[in-house]
Structures are given as structure tokens and as C-alpha cells.
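Let's take a friendly walk through a few features of this fold. Please have the sequence and the 3D view open as you read.

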Amino acid sequence: TATLLPVAESISQLKWLWYRHANSLGDLPAYADASTSPFATIFLVLRRRGAPLVYLAAISSWLVLLFGPFAQQALQQPLREVYAGTGSIPNARTYQASSSTRIRYTGLTDSGGQNTFSITSPPDPVREAITNGLFDSHVSLSAVPGTCRTGNCTWDPFKSLRVYASIEDVTNTLMTNCPNNTRKKERGCLYSVPEIEEHPTWLQSHMQSANQSIWLGASNPSGDYTFPGLNTLLQFYVIYLPDLQTLNNSAQNYTTSLRALKGTLDLGLSTLNTSMLFGATTTTEITLITDLKWRTSQTTINGTKHDIISTTPRDGSDEFWMGLSSRTYFNQLLSEAIFLGHGDFNQSLLPDDIAYSTDAARLVGESLYHNNAGRDGLQTLLDKLAISMTNALRTTTIYPTTANASAWKFEPYFDIAWGWLALPIATIVATFLLLLFTICLSAHHKIPAWKSSHQASLLAPSKE
């Protein structure tokens with residue numbers, strides 16, 4: 001806008017320079033229109049060919065038209081991140097439960113009946129995390145929030161204790177016991193796996209074939225029996241019939257169609273990548289570290305001794321550990337109160353009509369039967385549980401540790417793209433030259449500065 005006025009006034013002044021001699025009045029509208037529209041300068045150039053100032057005026061008029069868009073591209077005001085302090089987020093280098101509680105629950109006896117049991121359990125937040133892992137379909141590592149006063153932080157990758165799940169097909173170890181010489185086709189047999197037979201679980205120790213489509217039982221270390229790995233939190237077994245419709249053909253298919261799966265929840269390490277943008281925390285897993293050597297030892301913190309299982313990553317970074325008592329709490333809750341039960345089918349032989357004895361049996365059964373997912377479905381269920389338990393390890397320990405971050409804030413700044421300034425600069429130069437030459441010529445010929453009007457038609461001599 002600032003350059004438009006001198007261009008328009010210069011074109012209007014050119015009228016008086018043109019009419020200082022007798023010329024056609026037909027040029028008057030061309031000058032008048034050219035002072036108000038860049039498009040009209042084209043017709044003025046055609047009428048006044050060979051007039052340098054007219055050419056310069058037309059060029060300046062068009063440059064003024066393009067001045068705005070080019071100037072906007074040349075000067076931007078983006079946002080940039082500026083360091084503004086630090087932030088933090090929990091990471092579990094150590095885990096010791098804050099306290100244990102005795103809980104009573106109604107469970108299943110070895111014969112399938114119900115009874116009331118009492119076990120030592122982790123604190124309420126941990127039990128809630130296990131429940132959420134089983135029932136919530138939107139479990140994520142990002143559920144652990146970070147602290148960042150600006151709401152925008154970035155963390156370097158950091159390690160944390162991680163619960164991870166694995167599934168193994170152990171159908172080839174399935175044991176069949178048919179008492180009293182009962183024939184298999186009569187479905188009067190009992191089914192189990194060697195580890196459970198040798199070390200009976202707290203509750204159920206075998207699958208009863210009559211009307212059962214799925215059986216769920218967990219190993220509970222007791223006496224001289226321990227888990228194969230120091231870092232194992234849960235070891236359970238599922239014996240199930242993948243396709244109930246096979247029973248339509250022959251009852252004997254019950255035995256030949258059974259499958260057995262072994263599931264475990266183990267303790268490992270995870271390398272996490274975390275960022276926070278506008279207050280929302282996003283955490284992704286870079287690597288899951290499972291090939292670790294675990295050992296038992298003792299540690300003393302604030303005068304309190306703890307028996308622990310610990311490991312050190314191969315890169316020689318910090319030692320990571322979990323209290324043995326906390327591991328026992330997890331195992332007792334998971335094996336004795338959760339991962340047990342069975343499901344009975346009816347005459348419809350449809351998975352949706354299976355009557356489950358526990359919520360866990362239902363969840364496991366649905367994960368196996370939904371879309372015939374089988375082992376993959378159970379893996380998905382356990383992965384959710386493992387992530388939720390991992391989040392609990394990071395947030396419920398009595399010895400919390402954190403990973404520090406750099407906090408950032410956004411501030412605007414001016415970014416000049418010099419290439420886009422070429423046209424605005426050319427516009428200013430052309431306008432200045434047009435104005436300068438117009439002033440100099442007007443002064444040379446003693447033409448006063450007139451307003452832009454049609455009064456020239458009354459004062460200029462005419463040939464017509």
C-alpha cells in the first residue's frame with residue numbers, strides 16, 4: 001500500500017508532462033485508468049510505445065501488485081524450542097512393594113468346588129494395575145505421566161524394569177490319565193502336564209474331561225519347587241479344545257484335539273523413549289532385554305536389609321533389582337487368585353455359550369476362541385497385562401527413581417527468506433526511480449504537481 005500511492009500519483013503526473021504539448025485527448029482515459037489498475041497499464045504502454053517512463057510506470061504497477069504475496073513469503077514467524085529447565089518421569093531401577101496385605105477371596109478347590117482362601121497380596125495400586133491389564137483394551141506404556149513445567153520435554157532413552165510375556169506350545173507333553181480303564185472316547189479321563197503333576201498347584205492340578213472345553217491352572221512355588229528362572233513372576237498352563245465342533249463327529253476327538261499352552265510372565269529390562277508435547281506423555285519401547293543373568297543377593301537401604309534378585313545389563317549401567325518378597329506377592333496373587341478356572345460347554349458346542357467358573361478363565365477363553373486366534377490371542381492378552389504391571393513397577397515402588405529430561409518452551413522468531421525479498425526490493429527501487437524521474441522532469445519543464453483528475457482536458461491544448 002505504501003508503494004501504490006507514489007506509483008499512482010507518478011502515472012497521473014505523467015499526464016501533465018504528456019499534455020505540455022498538444023496531444024490527443026484519447027490518451028487521457030488511458031492515463032487515468034493506468035493510475036488505478038495495473039491491467040490498464042498494458043493499454044497505456046500500447047498507446048505510448050517508446051516512452052521509457054510509461055514502461056517504468058507499468059513495471060512498477062505490476063511489481064506493486066505482487067509485492068504483498070512475496071513479502072509474506074519472505075518474512076515468516078515460526079515457533080522454535082528454547083531450553084527452559086528440566087523434567088522427570090518414573091523409571092523402575094528398583095522395585096520393592098510399599099506393603100503387603102492379606103486378602104480373602106472365593107476360589108476353586110482341586111475338585112472344582114468353591115472355597116474361601118487367604119493370601120498375601122501386593123498393595124491395592126498393584127492389584128488395580130493387574131485388573132486393568134486384563135480388562136482394559138487400551139493399556140499403554142504412555143500411561144505413566146512425566147513431570148515437565150513447560151509441558152514440552154524430551155528424554156534420552158532410559159532403561160527400566162519390564163514385565164514381559166511368552167507363550168509356549170506344550171501339547172506334546174500333555175498327560176492323559178483314564179482311571180478304571182475308562183476308554184478315551186468316553187471322556188472320563190484327566191489331563192495335565194508333567195510340571196503340574198510333579199508339583200501340584202495351589203488349587204486345580206488337572207483338567208476333568210467331562211464337559212470342559214478349557215482349563216486354566218498356575219504353578220505355585222512351594223517346598224523344594226522353584227521356578228526355572230529367578231525372574232519368573234507367573235507360570236501357568238492352559239489346556240483347551242480349539243474347535244468344539246469336532247465333538248460332533250466323534251467323542252474320541254476330544255482327546256486328540258486338545259491343546260496345551262504354557263504361559264509365563266518374567267522380569268526383564270526395557271529401553272524406553274519418552275517425550276512430552278503440550279502436556280501429553282508418549283512412551284515407546286526401543287528394545288526389550290531378556291537375555292539377562294539374574295542373581296540373589298542382599299541390599300541395605302536406609303538401614304533396612306532386603307533380599308533381592310538383581311541383574312546388570314551388558315553395557316555395565318546401573319544395577320536393577322526386585323525384592324524377593326515382592327516377587328512372592330506377585331506370584332501368589334496371580335497364581336492363586338487369578339489364573340485358574342475352567343469353562344464348560346453345552347450341547348450347542350458354541351464358544352459364546354461356554355460357562356466359565358472365573359473371570360480369568362473367561363478372558364483366556366475369549367482370547368483363544370475369538371476369531372480362532374488361539375495362541376496369538378492369548379499372547380495379546382498377556383502382553384496387555386505385562387505392560388500394565390510394568391507401569392505399576394515404575395509408579396508404586398517405595399524406592400522411586402526417575403529419568404531426567406530437558407524442558408522446552410516455544411517462542412516465536414522472525415525467519416527471513418532473502419530470495420523472496422528480491423521482488424519487494426525491486427518494487428521499491430522501481431517506484432523510487434519512477435517517482436524521482438517524474439519529479440525531475442516536472443521540475444525541468446516547470447510542470448506543477450497536480451492532483452489526479454480530468455482537469456487536464458480543460459487546460460491542455462488539443463489537436464482535435
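## Two packed helices

Helix H5 and helix H10 cross in a right-handed way. This is a predicted model, so treat what follows as a description of that prediction. H5 covers residues 124–135 and H10 covers residues 375–395. Their axes lie 7 Å apart, at an angle of about 155 degrees. Because angles over 145 degrees count as roughly antiparallel, H5 is described as roughly antiparallel to H10.

Which residues in H5 meet H10? On the H5 side they are Ala129, Ile130, Asn132, Gly133 and Leu134. Their partners in H10 are Leu381, Lys384, Leu385, Ser388, Met389 and Ala392. Sorted by class, this contact has seven nonpolar, three polar and one charged residues.

## A four-stranded sheet

Now look for the open sheet of four strands, where the order is E3-E18-E17-E16 and the pairing is mixed. Strand E3 (94–95) and strand E16 (295–301) are the edge strands, each pairing on one side only.

Strand E17 spans residues 304–311, and strand E18 spans residues 320–323. These two pair in the antiparallel sense, over four bridges. Ile309 has Met322 of E18 standing opposite.

## Ala32 in helix H2

Is Ala32 buried or exposed? Ala32 sits in helix H2, which runs over residues 27–34. Its relative accessibility is 15%, so Ala32 counts as buried, since the cut-off for buried is under 20%.

Ala32 and Ile11 are 21 residues apart in sequence, and their C-alpha atoms are 8.1 Å apart in space.

Note on methods:
Residues numbered from 1 in each chain as written. Predicted model: local features only at pLDDT ≥ 70, side-chain atom pairs only at ≥ 80, totals over all residues. Heavy atoms only, no water. Pairing = 2+ DSSP bridges. Buried < 20%, exposed > 50% of the residue type's maximum accessible area, 1.4 Å probe, protein only. Axes fitted to C-alpha atoms, helices over the stretch in contact; angles between N-to-C directions. Parallel < 35°, antiparallel > 145°, perpendicular 65-115°, else oblique. Left-handed = near helix turned anticlockwise from the far one by under 90°. Contact = heavy atoms within 4.5 Å. Nonpolar A, V, L, I, M, F, W, Y, C, P; charged D, E, K, R; others polar.
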